[in-house]
Amino acid sequence: MTPDRRRMTPDRRLERLERRQLPGGLMLLVAGDRRSRRRGLARLDALPAGHGLLLEGCRSVHTLGMRFALDLLWLGADGALVRLDHAVAPRRLRSCLRARAVVEVAAGEGPGFAAALAASEAS
């Protein structure tokens, strides 16, 4: 396997996903099909700053294959924040039964995304 295939850059993996702009210049990437949902952020070396991955219809995620910690923003049916899990390490499983979607962001970026999601919901 070539070094290029082992290291997956965020641009190559995420370039085809739908994008939703949030206040404050933050960007949500939508994993809208089965393949993008299954692959998620696994094996990426990093997520671009100010970017998050939205998994709709999701109450549970795993961080198997992750190379960095995540903040998980669990969203209810109305899109409001239900819970924020900080710095979830690789090889973990998290669930939130009240959630209907989850946004995965790099550890430390959760509070900024929470504020942006609340602001976009209010407008």
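Predicted model: local features only at pLDDT ≥ 70, side-chain atom pairs only at ≥ 80, totals over all residues.
Residues are numbered from 1 along each chain as its sequence is written, and side-chain values use heavy atoms, with hydrogens and water left out.

Strand β8 spans residues 101-106; strands are DSSP runs (E, at least two residues), as are helices (H or I, at least four), numbered from the N terminus. Six of the six residues of β8 are buried, so the strand is largely enclosed by the rest of the structure. Here, buried denotes under 20% relative accessible area, exposed over 50%, and partly exposed in between (1.4 Å probe, protein chains only). Pairing requires at least two DSSP bridges between two strands. Strand β3 (residues 51-56) runs antiparallel to β8 and is joined to it by five bridges, with Leu54 partnering Val103. Strand β5 (residues 70-75) is also antiparallel to β8, over six bridges, and Trp74 partners Val102.

Four salt bridges are present, each defined by a side-chain nitrogen of Lys or Arg within 4 Å of a carboxyl oxygen of Asp or Glu. Among them, Arg67 and Asp45 meet at 2.7 Å, N to O. Arg67 lies in the loop between β4 (60-62) and β5, and Asp45 in the loop between α3 (34-39) and β3, so the pair ties together parts that are 22 residues apart in sequence. Arg83 and Asp85 form another salt bridge at 2.8 Å, N to O; Asp85 is buried at 12% relative accessibility, whereas Arg83 is partly exposed at 28%. Salt bridges with shared partners link Glu18, Arg20 and Glu56 into one network.
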